[in-house]
Amino acid sequence: MLLILLSRVTSALEVPLDLPQPPTITLQSPKDYIFDPRENIVIHCEAKGKPSPSFSWTRNGTHFDVEKDSKVLIKPGSGTLVIDISGEKAEAYEGTYQCTAHNEHGTAVSNNIVIRQSRSPLWSKERNEAITVQMGVSVVLQCRPPAGLPPPVIFWMDNNFQRLQLDKRVSQALNGDLYFSNVLQEDTRSDYICYARFPHTQTIQQKQPISVTVLNMDTMNETVAALYNITEFYSGDPQGERRPGFMMPSGPTSTKMVLRGETLELECIAEGLPTPEMSWQKDGGELPDSRTSFQNFMKTLKISDVNEADGGDYHCTAANNLGTVHHIIKVTVKAAPFWVSAPRNLVLAPNETGILTCRVSGEPKPKISWFVNGVPIENAPEDHTRKVEDDTVILSNVQSGSSAVYQCNASNEFGYLMANAFVSVLAEAPRVLTPPNRVYQVITNNPALLHCSSFGSPIPTITWFKDSQTSIKNGDPYVIHENGTLEIHVAQPLDSGKYTCIATNNLGIKENHVFLEVKVSTRILKQPEYKVVQRGKSAVFECKVKHDPSLIPTMTWLKDNGELPDDERFEVDIDSLTVKHVTDEDEGTYTCIMNTTLDQDSASAMLTVVEKPDAPTDLELTDQTDRSVQLSWIPGDEHNSPTQKFLIQYEDLLHQPGLWNNLTEVAGTGTTAQLKLSPFVYYSFRVLAQNLVGHSNPSQPSRQYRTNPAAPDENPSDVQGVGTESDNLVISWTPLTGFQSNGPGLEYKVLWRQKDMDGEWSSKNVANVSRFIVTGIPTFVPFEIKVQAMNDYGSGPEPEPLIGYSGEDMPLSAPESVQVMVHNSTLAEVHWEPVSFPSVRGKLQGYKVYYQRERGLHETEKTTDEEEQVLTFSGNRSEGRLPGLQPYSLYILFITVVNSRGEGPQSPSKTFETPEGVPGPPSSLTVLNPSLDSLTLEWGPPMNNNGRLAGYTLKYQPVNTTNELGPVKIVTFLANETTITLSSLNSSMLYKFYLSAKTIKGSGPFITEEAFTVMDTGKDDWEKELVNSSHSHMIKGLKPGTSYRVRVVARDPADPTVHSTDEVLVTVPAVPSRQVDIATQGWFIGLMCAIALLILVLLIVCFIKRNKGGKYPVKEKEDAHQDPEIQPMKEDDGTFGEYSDTEDHKPLKGSRTPSNGTVRRDESDDSLVDYGEGGDGQFNEDGSFIGQYSGKKEKDTHEGNESSEAPSPVNAMNSFV
């Protein structure tokens, strides 16, 4: 983008077309125009100017009258010629054409355009002689195509139109000839055909086929050779290997001239056997990498866009194993004229001075000629304001009417350059050509170019302002270009805003506004990552992008720089690409491209599809011996995951057909393995390959390989000798497998003898068994045993003897001298005399101590429910400890010795006593009859006294509302006491009790209990309102000017512990004196009388109905009164019970207090009595029922903010409704 914008900055001066100006050529045909005779000739010439220019043509330097030739017409509005050559000889229109555009302000001319007809001449008729050559020599097949215009493209084919295969031995030169560095017998053929394709006419000419025969002279004698009818024969001694030599160019050096800007092509073709390798280098310098290429198998060096530095000596080198040859090409670079600075249009105000420069270069140096309006400047009318100095024309103090078009022509022997530049003399106020209010958008940190294209004469001065205030000076970070464009090198968000450019000259001033928006660059925050995915699974590429929110982004995914396959397996999401069920064809590079209108960002990642390797193939067995064989194989396809190892398995077709066993592993780079074999096995092998994905399928099995039988290589394992009876020895072993047998007739030789007896070995041969029993031997004596494998071909190695023991019997003796030492009330230590080893008659396992509690020492009869306890002491022990004994008890014990067969006889019984200990906890602790300042405790004796009970100790202490413990009080009791009444306690206080029993050894563990004393309510009963789990509650119905004590009591139904806050004294504000007492109002007194009359009538009706009906449900009363204020009070179950006609003493529903001063409490209601704080549930008349009633009425939506009102007769009457 920057290059494009800068090219606009330096573009030629544009004059608005509504202003007078000389002609300017805008389009013309190339200097060399080759036309196809089958199509019309079109020679372009277009120009602009004010007024519009007229056009004329010259051909070969003379005027070309277009109107006189009916085949030629000129396009309206332009000077383009169209020549219809159908039916005409096209050659008649060949020549050099030049176009002239003229108006009243000057004349512009085009280049000289050379028109030539394309030609594709036929090949000259010639007879190609057959070529017979000796194998190994070099040959050139000449093409020599006809000269065409333009030159043809040459290629070689056969009769089947198949291109000949070219390589470093057979190559085609730039001139089309076919070179063989050395010929082989396969080069023999009769259809070497050279073709020439002419581009313009798209015709192909064919040369006559050339026949080549290659002879192998080593196998032919002269007689046979003489029989050949050889017209052309490349003779010479039979050719073997030889040093290189150049076929072209010839000689040690050659020269090459190339024009600047063209492509240099240097060619060296060498012969030799073996075929030489080619290389290139330049004297005194490196080849330009970016412009250099090698073609035709290093035989052609190409350097594009040649410049003067490319001149010099180039070395081409041909080398094979017999030597090296060099050739030097001296390159000279010439140059047709090329522009250094072409003349540019000038717009001058009257009396201004201007300069036209025509700076060119070339080799040889070009000659410069000036023309005015197409006329050589020396032949033009004299103009004193004009001065010519070689490549410069100076115009001083120009005047109106002196406008003209100047032509500069620079030429040398290799070409020419010609340029038009007009000089227009105008007086014009500034105008801004850039559209107003144009918005430029750029990305942060990129250059911003704000255009202010203007025109005026004299040339206007451009100034810039930011946001109509700040003047912008030329300097970092700003550059104001010659054409008025403002460039900001590195645009930042702060550069956004309104910019004003002002064009000024001595004839006026003009301003224009443009706007710059600097956007945040588009960036990929999370790039897709390289994926290795198993075939059939899914691959997910993430591509998360950040972009300017005002720009609309477009996400595009590419695969290998092309579009994604049209396959539903490819799912494109907002910021990801998912490839489902990947296949091998999905491999490649995936690129996410995020485009906006201003920029883009992209990131790529590769997808590699892996799979388990294919099975190895072509298993082959070599180097076969009795005990080894070499296995080789060909690995299968790894599927992009290198093989880590090969697993070789075998099948024993003789002993275990169908079962494959692992034999060995080989590294993943190997393809052979030397396998160690066992005798007498019918082997078949297979190979599996393993990579990171998994194991391949097994290969096909190898051919069967049988090994010869031999004596066993090993003996049975796990040989043991253990007696099962007191007079036997069972010798067992793990048998050899058929694979281990090494031959037929497998047997086992079992040998045994008593240890340390130095007697002869007893033996027995057995077959098809895994144990042998020796009988009639002493009890539990050691034997040396051996088991040796044998087959028809010999015995296995000599086994090492092992030790086994004959069978055990029950021990004969009991431990003696049993003694008991009592350490404390729960631990005793027992000692005994160990038995002799012979009496054990087996392996000594240890000793068992049996002990049992007979009774407590305070008891007279034996305890029947005590279980016998056993402790086992392993090994050859003589003492042990008995923990966990019960104090103050009588125990009995005996000891036995134990071997693997069982236990021996019991030792004589031994009794011992344990001393007293501390007692267990009391069996129970109960709190009875709590009152305001006392309560009764009752307890039961311990379950285990563990001695003579001496008494009890009671500790108790109060617990305040913050769970802090008060001082401890201690009371002791005799052993026969089990109850106590504690007095002088605090009311409504939680106490914690600790009770323990004691003996002479001390106190045992304690039992605990907690209890509350009864709450002291004084004269006034506490009112209560049930509160949910909220943290606040409103109490209604309080009397203004009255003080109340308030506290919150909490209790968990699962825990009897009651928690209470401290009391808070609350005073309800009195009613302000300015309020009117409604009870003194006359209208209110009348209303109360009416209400009282209605109540009286209601009482009479109720009395009559009760006398008639006996009982009636309250529900009927509810149906008769729809006013929510007179709905009956509801209990938790929703209704009251029924009233009996015998209960006349009870008050009406809703009265303030019951007649007996009590309120019936439903079981589901909570009360302070439940916390141990109430008495029998009685409440005083002066408030307890109000508390209950207000608690219920709080839920009634008809009450409003009743608690904020002062008490009134209306409220009082409501309690009676």
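These notebook entries record what I looked up in a predicted model of one chain.

**Entry 1: conventions**

I number residues from 1 along each chain as its sequence is written, and side-chain values use heavy atoms, with hydrogens and water left out. In this predicted model, local features need pLDDT of at least 70 and side-chain atom pairs count only at pLDDT 80 or more, while totals for chains, interfaces and linings use all residues.

**Entry 2: confidence**

I began with pLDDT, the predictor's confidence in each residue, from 0 to 100. The chain has a mean pLDDT of 84, and 85% of its residues reach 70 or more. I take helices (H or I, at least four residues) and strands (E, at least two) as DSSP runs, numbered from the N terminus. Confidence is lowest in helix α1 (residues 2-9), with a mean of 30, and highest in strand β51 (residues 539-542), at 96.

I then noted two stretches under 50. Residues 1-11 stay under 50 and have 11 contacts (heavy atoms within 4.5 Å) beyond four places in sequence. Residues 1109-1217 are also below 50, with 145 contacts beyond near neighbours in sequence. Where pLDDT is low, the predicted coordinates should not be read in detail.

**Entry 3: strand β56**

β51 pairs with β56 in the antiparallel sense over 4 bridges, and E542 stands opposite S576. Strand β55 (residues 570-572) also runs antiparallel to β56, joined by 3 bridges, with V572 opposite L577. A hairpin of 3 residues connects β55 to β56.

For accessibility I use buried for under 20% relative accessible area, exposed for over 50%, and partly exposed in between (1.4 Å probe, protein chains only).

**Entry 4: disulfides**

I count a disulfide as a pair of cysteine sulfur atoms within 2.5 Å. The structure holds 6 disulfides. With bonded cysteines counted along the chain, their pattern is 1-2, 3-4, 5-6, 7-8, 9-10, 11-12.

I examined the link of C45 and C99, whose sulfur atoms are 1.9 Å apart. Its S-S torsion of -75 degrees makes the link left-handed. C45 in strand β4 (residues 45-50) and C99 in strand β9 (residues 95-103) are 54 residues apart. C45 is buried at 0% relative accessible area, and C99 is buried at 0%.

The disulfide of C543 and C592 has its sulfur atoms 2.0 Å apart and is right-handed, with 60 degrees about the S-S bond. C543 lies in the loop between β51 and β52 (544-546) and C592 in strand β57 (residues 588-595), so the pair ties together parts that are 49 residues apart in sequence. C543 is buried at 1%, and C592 is buried at 0%.

**Entry 5: backbone**

Which peptide bond has omega near 0 degrees? I found that the bond from L273 to P274 is cis, with that value; P274 lies in the loop between β24 (269-273) and β25 (277-282). The bond from M248 to P249 is cis, with omega near -5 degrees, and P249 lies in the loop between β21 (242-248) and β22 (253-259).

N561 is not a glycine, yet its phi is positive, at about 65 degrees. I place N561 in the loop between β53 (554-559) and β54 (562-563), and N561 is exposed at 69% relative accessibility.

How values were computed. Pairing = 2+ DSSP bridges.
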